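Here is a short report for a reader who is new to this structure. Please look at the sequence and the model first, then read on.

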Amino acid sequence: MGIAENVKRILAEIPDYVELEAAAKTRTASEIEEAIRAGVKIIGENYISEFKKVYPGVKLQAKWHFIGSTRKQKHDLLRKKILSSIDMIETVDSFEIAQEIDKKCANIPKVMPILIEINSAREPQKDGVYPDEAIECIKAISELKWVKVIGLMTMGPNVSNPEEIRPYFSLVHGIFEQIKKENIPGVEMRYLSMGMTDSYKIAIEEGANLIRIGSAIFGPRACSIKQ
Ligand SMILES: *Cc1c(COP(=O)(O)O)cnc(C)c1O
């Protein structure tokens, strides 16, 4: 099946309140445009180097989200030109990185919408705030003027059976609701970004309203690139 058919099939099967983001790593500008033409409104990029390559070639209107490692790509991400073009950073996982984004965005000037990435399985090698540190981290970030927390994102652990990821999605949904109740000034819990090709149905059942889909839209990746 082609990209357009894939997008239309996914849009038809997900509830209206769920937003579909095309995870575009390794894809070309014309593949991305095909997805946008079929109804995708958000493009997710993992690598600033790839973003710089495809962004100028995509002439159709879309929102661009950064979904890669802010820690590993800090240097490239924190450029004025990049921050000006990106509409949301989904992978903020420390006060320090939020503070650096804040400082750069003040110079643009622009308020950057951000999601806080949760390391839901507490995997030491992975990015993300540990679940029990989320509230404290968000309270600190809420004091910054040029970033605005509008939700949470999680990847979840790599599992062989997608069903095994459900408890992690459920955990992050719990944090999402808990933070909503805290009513932290300046913080909105609008987006819960979780679910990929193998897990988006489970993610939606567990409260996701933003799903990040790569291979189910574009087909299998030629080589497997992990973030
Ligand atoms: C690659 C990627 C996705 C999508 O993965 P698929 O399994 O191809 O749907 C979603 N989120 C992030 C952060 C990714 O890197």
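Pro109 sits in the loop between α6 (95–107) and β5. Helices (H or I, at least four residues) and strands (E, at least two) are DSSP runs, numbered from the N terminus. The model is predicted: local features need pLDDT of at least 70, side-chain atom pairs count only at pLDDT 80 or more, and totals for chains, interfaces and linings use all residues. Residues are numbered from 1 along each chain as its sequence is written, and side-chain values use heavy atoms, with hydrogens and water left out.

Ile108 and Pro109 are joined by a cis peptide bond, with omega about -10°. Most peptide bonds are trans, and most residues other than glycine have a negative phi.

Thr26 is not a glycine, yet its phi is positive, about 70°. Thr26 belongs to the loop between β1 (19–23) and α2 (29–37). Its relative accessible area is 32%, so Thr26 is partly exposed. The scale is this: buried means under 20% relative accessible area, exposed over 50%, partly exposed in between (1.4 Å probe, protein chains only).

Asn183 also has a positive phi, near 50°, and is a residue other than glycine. Asn183 is in the loop between α8 (166–182) and β7 (191–193). Asn183 counts as exposed because its relative accessibility is 64%.

## The ligand and its shell

Which residues surround the ligand? They are Ala23, Lys25, Asn46, Ile67, Met155, Met196, Thr197, Arg212, Ile213, Gly214, Ser215 and Arg221. A residue is near a molecule if one of its heavy atoms lies within 4 Å of it. The shell divides into five nonpolar, four polar and three charged residues. Here Ala, Val, Leu, Ile, Met, Phe, Trp, Tyr, Cys and Pro count as nonpolar, Asp, Glu, Lys and Arg as charged, and the others, Gly among them, as polar.

| Residue and atom | Ligand atom | Distance |
|---|---|---|
| Thr197, polar side-chain atom | oxygen | 2.5 Å |
| Arg212, polar side-chain atom | nitrogen | 2.9 Å |
| Gly214, polar backbone atom | oxygen | 2.8 Å |

On its own the ligand has 390 Å² of accessible area, and the protein covers 93% of it. Such areas come from the Shrake-Rupley method with a 1.4 Å probe; for residues, only the protein chains shown count as cover.

## The nonpolar cores

The largest nonpolar core has 69 residues. Ile89, Ile116, Ile141, Leu152 and Ile217 have the most contacts inside it. A second, separate core of seven residues includes Ile42, Leu115, Ile150 and Leu210. A nonpolar core is a set of buried Ala, Val, Leu, Ile, Met, Phe, Trp, Tyr and Cys residues joined through side-chain atoms within 4.5 Å.

Contact means heavy atoms within 4.5 Å.

Is Thr91 buried or exposed? Thr91 counts as buried because its relative accessibility is 0%. Thr91 is placed in strand β4 (residues 88–92). Its side chain reaches the backbone oxygen of Gly68 at 2.7 Å. Beyond four places in sequence, Thr91 touches Phe66, Ile67, Gly68, Thr70, Leu115, Glu117 and Met153.

Gly44 is in strand β2 (residues 42–45). Gly44 also has 0% relative accessibility, so it counts as buried.

Asp132 lies in the loop between β5 (112–118) and α7 (134–141). Asp132 is exposed because its relative accessible area is 56%. Its side chain makes a polar contact with the side chain of Arg122 at 2.5 Å. Asp132 and Thr91 are 41 residues apart along the chain, with their C-alpha atoms separated by 17 Å.

Pro131 lies in the loop between β5 and α7. At 17% relative accessibility, Pro131 counts as buried. Its contacts, leaving aside neighbours within four places, include Ile118, Arg122, Leu171 and Ile175.

Key
A polar contact is a pair of N or O atoms within 3.5 Å; within protein, one must be able to donate a hydrogen and the other to accept it, and residues adjacent in sequence count only if both atoms are side-chain atoms.
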